[in-house]
Amino acid sequence: MATKIEERTFDDAVQWLRDNGFDLIEAPGTQGRVFLRKYNVSAAIQKNGEDGVKIFAYPGYLISGEISKLINRGYQQVLKTSKTEVAATADHLKALQQFSEELKEALGIPSLYNESLGTVSEAYQYDRIVDRDKPATQRAKRPWEQVKAAVAGKKTRA
């Protein structure tokens, strides 16, 4: 059975976050935007209209002071920043999950079943489907296709 979730105002959300152990930093040069931090995960929220609140920067694990983006590569989840990529560990994913659930509660956003089961990536990049929508002649050669071409190109002496 669905339950009604109470949407919070910006001020109520900020107060809830402070009361529940989040570190809040006012964004320099902007009015009504706040950066949040807890569990070494960070996000940003901002005022939406008169009293509303919305997420400005989605939650990401902090790596060298920069909010990373979680990318699912099919075989491994990766935390990516503008400078580096780090393989996501169970501790990283647990921190992201906990932070996201608490942030949803603070903002009055519904917690969806599939998101509550585990960490959800912002992007999914599977290596075998890259360029799959292009015609076969315009696709990059896959490693196994390059090996076949190299073997076929070699001439053997008899």
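This is a short chat about a predicted model of one protein chain.

User: What should I know about the model before we start?
Analyst: It is predicted, so local features need pLDDT of at least 70 and side-chain atom pairs count only at pLDDT 80 or more, while totals for chains, interfaces and linings use all residues. Residues are numbered from 1 along each chain as its sequence is written, and side-chain values use heavy atoms, with hydrogens and water left out.

User: How many helices and strands in the protein chain?
Analyst: There are 4 helices and 9 strands. These are DSSP runs, numbered from the N terminus: helices are H or I with at least four residues, strands are E with at least two.

User: And what pattern does the chain follow along the sequence?
Analyst: The pattern reads α-β-β-β-β-β-β-β-β-α-α-β-α.

User: How much of the chain is buried?
Analyst: Buried residues are 32% of the 158 residues. Buried means under 20% relative accessible area, exposed over 50%, and partly exposed in between (1.4 Å probe, protein chains only).

User: Take α2. What is its span?
Analyst: Helix α2 covers residues 90-107, 18 residues in total. From first C-alpha to last it reaches 26 Å, close to the 26 Å expected at 1.5 Å a residue. The expected span is 1.5 Å times one less than the number of residues.

User: Which α2 residues are buried?
Analyst: H92, A95, L96, Q97, F99, E102, L103, K104, A106 and L107.

User: What comes just after α2?
Analyst: G108, with a positive phi of about 75°.

User: Which residues other than glycine have a positive phi?
Analyst: Y39 is one of them, at about 60°. N40 is another, with phi near 65°. Y39 sits in the loop between β2 (33-38) and β3, and N40 lies in the loop between β2 and β3 too. Y39 has a relative accessible area of 36%, so it is partly exposed. N40 is partly exposed at 27%.

User: New topic. Which residues form the negative surface patch?
Analyst: D11, D12, E50 and D51. Like charges are joined within 9 Å.

User: Where is D51?
Analyst: D51 is in the loop between β3 (41-48) and β4 (52-63). Its relative accessibility is 47%, so D51 counts as partly exposed.

User: And where is G52?
Analyst: G52 is in strand β4. G52 is partly exposed, with a relative accessible area of 24%. The C-alpha atoms of G52 and D12 are separated by 10.0 Å, with the two residues 40 apart along the chain.

Note on methods
Patch = residues over 30% accessible without salt bridge, like charges linked within 9 Å, V, L, I, M, F, W, Y side chains within 5 Å. Areas by Shrake-Rupley, 256 points an atom, 1.4 Å probe, with all protein chains shown as cover. Salt bridge = Lys/Arg side-chain N within 4 Å of Asp/Glu carboxyl O. Lys, Arg positive; Asp, Glu negative; His and termini not counted. Charge placed at Lys NZ, Arg CZ, Asp CG, Glu CD.
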